Amino acid sequence: MRGPKPISLQLTPRQKKVLEQIVRRATSPQCEVRRAQIILMAAAGKNNQQIADRLSLAPLTARTWRKRWVEASEQLQIIESNNDE
C-alpha cells in the first residue's frame, strides 16, 4: 500500500551549494549532514521511503525534514533576496 505523495520541494542554486558544503565538510555535525542529505535527496525527486532506505532512517524522519524545509522556504527566499541587495 502506498502512502500520500511527498511534498515536492525545489532548491535555489545557493541553497543547493550550501547543503552540499555541509555534507562534504568534515567538521559538520552529523545531525546537520543527515538533514542536508534528506533535503538534497528530496529535491532530487526521491520519495520519503527511498530517502529512508538510503540513509537508514525512518520514513517519518524524511517526511518531517521535507515538511520543515518547505515550511521555511518562503523565509529562506526572503533572506536570500536580502543578501543579494
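This is a predicted model: local features need pLDDT of at least 70, side-chain atom pairs count only at pLDDT 80 or more; totals for chains, interfaces and linings use all residues.
**How the helices cross**

Two packed helices are described by the angle between their axes and the distance between the axes. Let us start with helix 1 and helix 2, whose axes come within 8 Å and cross at roughly 140°.

| Helix pair | Axes come within | Crossing angle | Handedness |
|---|---|---|---|
| helix 1 and helix 2 | 8 Å | roughly 140° | left-handed |

**Who meets whom**

Which residues bring helix 1 and helix 2 into contact? From helix 1 come Lys16, Leu19, Glu20, Ile22 and Val23, and they meet Glu32, Val33, Ala36, Gln37, Ile39 and Leu40 in helix 2. By class, this contact has 7 nonpolar, 1 polar and 3 charged residues.

On the helix 3 side, Gln50, Ile51, Arg54 and Leu55 meet Arg34, Gln37, Ile38, Met41 and Ala42 of helix 2. This contact has 5 nonpolar, 2 polar and 2 charged residues.

Now turn to the second largest pocket, with a volume of about 170 Å³. Its lining consists of Leu19, Ile22, Glu32, Arg35, Ala36, Ile39, Trp65, Arg68, Trp69 and Ala72. Helix 1 (13–24), helix 2 (30–43) and helix 4 (59–84) are the elements that give two or more residues to this lining. How many of the lining residues are nonpolar, polar or charged? The lining has 7 nonpolar and 3 charged residues, with no polar ones.

**Leu11, ahead of helix 1**

Finally, find Leu11 in the segment before helix 1. Which residues does Leu11 contact once its neighbours within four places in sequence are left aside? They are Lys16, Leu19, Ile39, Leu40, Ala43 and Trp69. Leu11 and Val70 are 59 residues apart in sequence, yet their C-alpha atoms are 9.9 Å apart in space.

Note on methods. Residues are numbered from 1 along each chain as its sequence is written. Side-chain values use heavy atoms; hydrogens and water are left out. On a 1 Å grid over the protein atoms alone, a cavity is a set of points where a 1.4 Å probe fits but cannot get out, and a pocket is an open set with protein on both sides within 12 Å along at least five of seven lines; lining residues have an atom within 4 Å of a point. Grid points are joined across faces, edges and corners, and a volume is the space filled by probe spheres set on the points. Helices (H or I, at least four residues) and strands (E, at least two) are DSSP runs, numbered from the N terminus. Ala, Val, Leu, Ile, Met, Phe, Trp, Tyr, Cys and Pro count as nonpolar, Asp, Glu, Lys and Arg as charged, and the others, Gly among them, as polar. Contact means heavy atoms within 4.5 Å. Axes are lines fitted to C-alpha atoms, for helices over the stretch in contact, and angles run from 0 to 180 degrees between N-to-C directions. A crossing is left-handed if the near helix is turned anticlockwise from the far one by less than a right angle, and right-handed if clockwise.
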